[in-house]
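Dear colleague,

I am passing on the structure we spoke about, and I would be glad if you could look through it with the notes below at hand.

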Amino acid sequence: MMTSLSGFPEFTPEEKILEDSLLATLQRVFELHGFSHLETRAVEPLSVLEKKGETSQEVYTLSRLQDKDSHEPVKNGLHFDLTVPLSRYVLENAHLLQFPFMRYQIQKVWRGERPQEGRFREFVQADIDMIARDTLPVHFEIEAPLIMAEALEALPIPQPVVHVNSRKILQGACNALGISEVDAVLQVIDKHDKVTPEVFSQMLLELQLDDAQVKTIWDLAGISGNEPEVASRVRDLGLKDDLLEEGLDDVARMLVAARARGRENVVADFKIARGLDYYTGMVYETFITGAETYGSICSGGRYDNLVSEGKRCFPGVGMSIGLTRLISIILANNWVEVSRSVPTAVLVLVDSEETRGESDQVAATLRQRGVCTEVSPTAAKYGKQIKYAANRGIPYVWFVSQREVKNILTGEQAVADPQTFEFETQLLKPQVRMQDA
């Protein structure tokens, strides 16, 4: 991955093939579950971007959209996620939509962050969201991570593990402990795996928690497991709160559903907090087995008040994959190989410049059949033309005068008609394979 301008990645042809393959896989899985494709504009008013969501992120503003002679403050910026634009879109188009509204969205977003490994200023996100009118049944909170687990398992990466929790549990635990600074405590819990126990405790003590409260929060954050019975380990902490119990029931229901579908890679993890303040129910983070140090590659949760205006309320649940981040992790670990750098499956050889027209006719016939075909750029000796194909990974070469085709990967050569020859299906398109496959 080339980075000529820090934070703005550029892909080589092979890396772009990888990205296209991931996009096609995600699109297929999302559509299998009934999600419609949506694209929103890249630009939003700052009033929308600053109203909800990750307002701590630096927004790229666009002064050019204003009157060039205007002395007013900049009013527009590039979106930094896809959830806030979705909120605006649903409110503006609710009269046109059928609810529950299920959409997937795959677009670039921009954040003014400091570039570092796996973090970019311009990157692609792939989101799914399910939004209802007035009330959102709990089963949507169960479906979201199961659908995303299916999508991620279809990608050429090691086993993804979805960690789930409920903000009700965290809120309820704080209620039971008499903690009023809930948001501040959640931000500390979110750092559980990034700091030492001593630093974790110190951060909570600075919020005026006492030693007993700190110990209980630490113990709660350390509980995890994929068995529904994991909820009893939280109850053993002795916390009493109705909201806490409601959240534990939600998590247990999630784990029962996951196991019923044979998914043991959905794990309750009570330190998952998610830093965004609009989550109200289940929250999710996803890690790659053996590569947990990279952090979460996919996250999300339920939100009840994000999409609201006056008396209108559209609660939803969604998850988002940082696709560019995921690609950077795949490349850093050499998890995949791309079979070739070009889409071309056949190179039609040229005997001489005088007969190039015959080669063009063969290529046109193959293209009509949907076969990606090039005509050799020169009428050099066959050996040089075949080397041209081999250097690009093109599997077939076509000899026009001999009416033969050769698979240069296997050496097999046969008499062939461009209208009827049957190519090996797996060679028609570049293949993306895991290295150990």
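How much of the chain over residues 346-407 is helix and how much is strand, and how far apart are the end C-alpha atoms? Please keep in mind throughout that this is a predicted model. Over that stretch the chain is 39% helix and 23% strand, and its end C-alpha atoms are 9 Å apart. The range comes from UniProt, where an unreviewed entry places the feature "domain: Anticodon-binding" at residues 346-407.

The next item is a pocket. The second largest pocket holds about 190 Å³ of space, and its lining is made up of 11 residues, with V48, K51, S87, R88 and L91 lying nearest the centre. Both α3 (83-93) and β13 (308-309) supply at least two residues each to this lining, although α3 gives the most, with five residues. By type, the lining of the second largest pocket divides into six charged residues, three nonpolar and two polar.

Helix α5 (residues 167-177) packs with helix α10 (residues 242-260) at an angle of about 155 degrees, their axes being 7 Å apart. Because angles over 145 degrees count as roughly antiparallel, α5 is described as roughly antiparallel to α10, and the crossing of these two helices is left-handed. In the other pair, helix α1 (residues 13-32) packs with α11 (323-332), here at an angle of about 125 degrees and with the axes 11 Å apart. That angle makes α1 oblique to α11, and the crossing of α1 and α11 is right-handed.

As background, most residues other than glycine have a negative phi, and most peptide bonds are trans. Against that, the peptide bond from F99 to P100 is cis, with omega near 0 degrees, and P100 lies in the loop between α3 and β6 (101-110).

With best wishes

Notes:
Residues are numbered from 1 along each chain as its sequence is written. This is a predicted model: local features need pLDDT of at least 70, side-chain atom pairs count only at pLDDT 80 or more; totals for chains, interfaces and linings use all residues. Side-chain values use heavy atoms; hydrogens and water are left out. UniProt positions are given in the numbering used here, feature names are shortened, and annotations may be inferred rather than shown by experiment. Helices (H or I, at least four residues) and strands (E, at least two) are DSSP runs, numbered from the N terminus. On a 1 Å grid over the protein atoms alone, a cavity is a set of points where a 1.4 Å probe fits but cannot get out, and a pocket is an open set with protein on both sides within 12 Å along at least five of seven lines; lining residues have an atom within 4 Å of a point. Grid points are joined across faces, edges and corners, and a volume is the space filled by probe spheres set on the points. Ala, Val, Leu, Ile, Met, Phe, Trp, Tyr, Cys and Pro count as nonpolar, Asp, Glu, Lys and Arg as charged, and the others, Gly among them, as polar. Axes are lines fitted to C-alpha atoms, for helices over the stretch in contact, and angles run from 0 to 180 degrees between N-to-C directions. Angles under 35 degrees count as roughly parallel, over 145 as roughly antiparallel, 65 to 115 as roughly perpendicular and the rest as oblique. A crossing is left-handed if the near helix is turned anticlockwise from the far one by less than a right angle, and right-handed if clockwise.
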